[in-house]
Structures are given as structure tokens and as C-alpha cells.
Amino acid sequence: MSLVLRLSGVSARLGGRDILHQVDLDVPAGRRLGIIGVNGAGKSTLLRILAGVLQPSAGEVQIGDASGQLQNLRRLPSRERARRIAFVPQEEVVAAELLVGEMVALGRVPRTRPWSRGGSAEREIVRAALDAVGLADRIDVPGDQLSGGEKRRAVLARGLAQDCPVMLLDEPTNHLDVAWQLRLLQVFAERAQTLVATVHDLDLALRFFDELAVIGWPAGLDPSTHPARIVALGPPTDVLSSRHVAAHFGVGSVQVPHPQLDQSHLLIHPREESR
């Protein structure tokens with residue numbers, strides 16, 4: 001399977017502090033990779049490096065082209081990066097002066113010329129993206145008239161409208177009720193060719209990804225003085241074993257089969273010693 005993204009020896013330093021250290025990660029084309037870890041471990045930082053919006057302090061990020069050849073991500077013009085990677089950050093303000101459809105149409109900028117924007121074909125792409133997140137009827141509504149959850153869904157629609165082979169989503173289920181969390185994760189699982197997302201909910205991580213990477217600290221390292229790294233990588237059922245969950249999230253857990261569906265769920269409980 002060809003690679004679409006590769007991190008080699010990537011480290012990150014922010015505000016005079018080392019955040020990530022020597023991260024190696026391969027993302028094959030067509031894979032759904034979930035990035036998990038405790039707050040402050042560096043999940044969002046890693047995603048921003050993958051998107052090319054943050055320069056690593058060491059190491060290299062490569063992206064595969066249509067032929068499978070890898071090239072340095074930072075050497076690509078920004079427009080070309082935006083044609084290959086759609087990045088939806090965790091928190092983004094929806095401009096009050098833009099209509100919802102206008103905001104989502106910004107995702108089309110890397111793929112269109114100024115004189116081709118606003119045509120019927122482009123408007124249909126925008127409408128389809130909004131329909132996927134349940135907002136097609138709000139296309140001509142000002143952004144400041146949306147609720148918090150609707151604004152999040154509109155920003156995700158812009159990522160869909162960008163129509164890139166790689167989608168990077170930072171906590172896509174933030175601000176969403178449970179029904180929309182499930183629906184949108186399914187939408188992206190079906191529509192994204194290659195998906196990399198940070199996710200807070202470990203049960204959702206177990207059910208919606210092909211592979212998980214845990215950002216954290218090996219046993220014995222003090223998080224206050226050492227940068228995080230990838231401490232587990234593999235199939236969700238392995239990465240979210242009770243041993244790994246206890247070691248990297250500080251809670252007890254058990255995977256149980258759903259009584260009616262062909263899937264497992266992760267049940268969380270306090271660790272025995274903390275009861």
C-alpha cells in the first residue's frame with residue numbers, strides 16, 4: 001500500500017518548550033488514523049505539522065503524489081498543499097459577515113480560478129457539503145445566526161467542499177451532540193480517501209478508525225520535563241487494551257461486544273487503586 005504521509009524524526013518546540021520528540025509515523029493511502037492522548041500531549045501540534053501549517057523543529061514531513069512518490073511537504077506551494085490536504089482545526093470562528101454558503105465556498109478557493117467561482121457547479125458542491133452535515137437549508141443564513149454546534153458542522157462542511165485526498169480533522173466531534181458525533185464520523189469515514197483525526201472520546205476512537213496512535217510519555221518520563229512521543233500504534237483493539245488505557249490515560253477499561261451490532265465498545269471506570 002502506498003504512503004500518503006510520512007513523518008521522520010519529527011520534533012516540535014513551542015514557546016521555548018519541547019512538545020514532541022522524534023516522531024516517526026507512516027500513513028498509508030486509504031487509512032483512517034485516529035490520534036489520541038491526554039490533554040496537552042501534543043495531538044493538535046502533530047496534526048498542524050502534518051498539515052504543513054507548523055514547521056517542526058527537527059525532522060521531515062513527506063507527502064505522496066499520485067504516483068506514490070514522496071516529496072517534502074514544506075517545499076510544496078501553499079495552493080498545492082491545499083489541493084492535497086484539507087485541514088479543519090479544533091477551534092475556528094465563523095465570520096459573522098459571511099453567509100454560511102460563502103464560508104463553505106472558501107474551501108473551493110484552491111481548486112478554482114477567481115472568474116469560475118460562484119457558478120452553478122460550485123454552488124452545487126457547496127450545497128452537497130452542507131447537506132452532508134445537515135445544513136443545506138442554512139446556505140443563505142449569516143454565520144452569526146448559527147448555534148455553536150451548527151458552526152462546527154459548517155466548518156467541517158468547508159473541509160468536505162475542499163475535496164482533498166487527505167483530510168486532517170482536529171477534534172471533529174467538539175461541540176456536537178451525540179447523534180451528530182456518530183453521523184459525522186460516519187460521513188468522514190465514507191467520504192475521506194485518507195483520514196487523520198484527533199479524537200477525545202476513546203469509545204469513538206475504538207469504533208471509527210482502522211489504526212490508532214497514542215501520543216504520550218513512556219513509563220518513567222516526567223511529562224512536565226519531557227516531550228511526548230508516540231507510545232502505542234496499531235489496531236484500535238490492541239492500542240486500547242486495558243493495559244495501555246491504564247498506562248496512558250490513568251483509568252480502568254474493558255472492551256465489550258455490542259449486544260446487537262458487530263462492534264465493540266470501551267467501558268471506562270476508575271482504576272482499582274483510586275476507588
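Tutor: F87 stands opposite L168 in β7. The model is predicted, so local features need pLDDT of at least 70, side-chain atom pairs count only at pLDDT 80 or more, and totals for chains, interfaces and linings use all residues. Residues are numbered from 1 along each chain as its sequence is written, and side-chain values use heavy atoms, with hydrogens and water left out.

Start with the neighbours. β7 covers residues 166-170 and runs parallel to β6, with four bridges joining the two. Strands (E, at least two residues) and helices (H or I, at least four) are DSSP runs, numbered from the N terminus. Two strands pair if DSSP finds at least two bridges between them. V88 also has a bridge partner in β7, namely L169.

Now the other side. β8 runs parallel to β7, and five bridges join them. Here D170 stands opposite T198. Between β7 and β8 the chain passes through helix α6 (residues 178-191), and this β-α-β crossover is right-handed. That means a clockwise path from the first strand over the helix to the second, with the strands pointing away from the viewer.

Step back to the sheet. It is open and mixed, with six strands in the order β6-β7-β8-β3-β9-β10. β6 (85-88) and β10 (229-234) are the edge strands, each pairing on one side only. From one strand to the next, the twist averages 15°.

Next, the cover. Five of the five residues of β7 are buried. Buried means under 20% relative accessible area, exposed over 50%, and partly exposed in between (1.4 Å probe, protein chains only). In a regular strand the side chains alternate between the two faces of the sheet. In β7, V166, L168 and D170 point one way, while M167 and L169 point the other.

A helix crosses here too. α1 (residues 43-51) lies across β3 (32-36), β6, β7, β8 (194-198) and β9 (211-216), and runs at about 155° to β7. Axes are lines fitted to C-alpha atoms, for helices over the stretch in contact, and angles run from 0 to 180 degrees between N-to-C directions. α1 is mostly covered as well: seven of its nine residues are buried, among them L46, L47 and L50. G52 follows α1 and has a positive phi, near 85°.

Last, two arginines. R153 has its charged end over the ring of W180, 4.0 Å from the ring centre. The test requires NZ of Lys or CZ of Arg within 6 Å of the ring centre and within 35 degrees of the ring normal. R158 belongs to helix α5 (residues 148-162). R158 counts as buried because its relative accessible area is 14%. Beyond its neighbours within four places in sequence, R158 is in contact (heavy atoms within 4.5 Å) with E92, M103, V104, L106 and G107.
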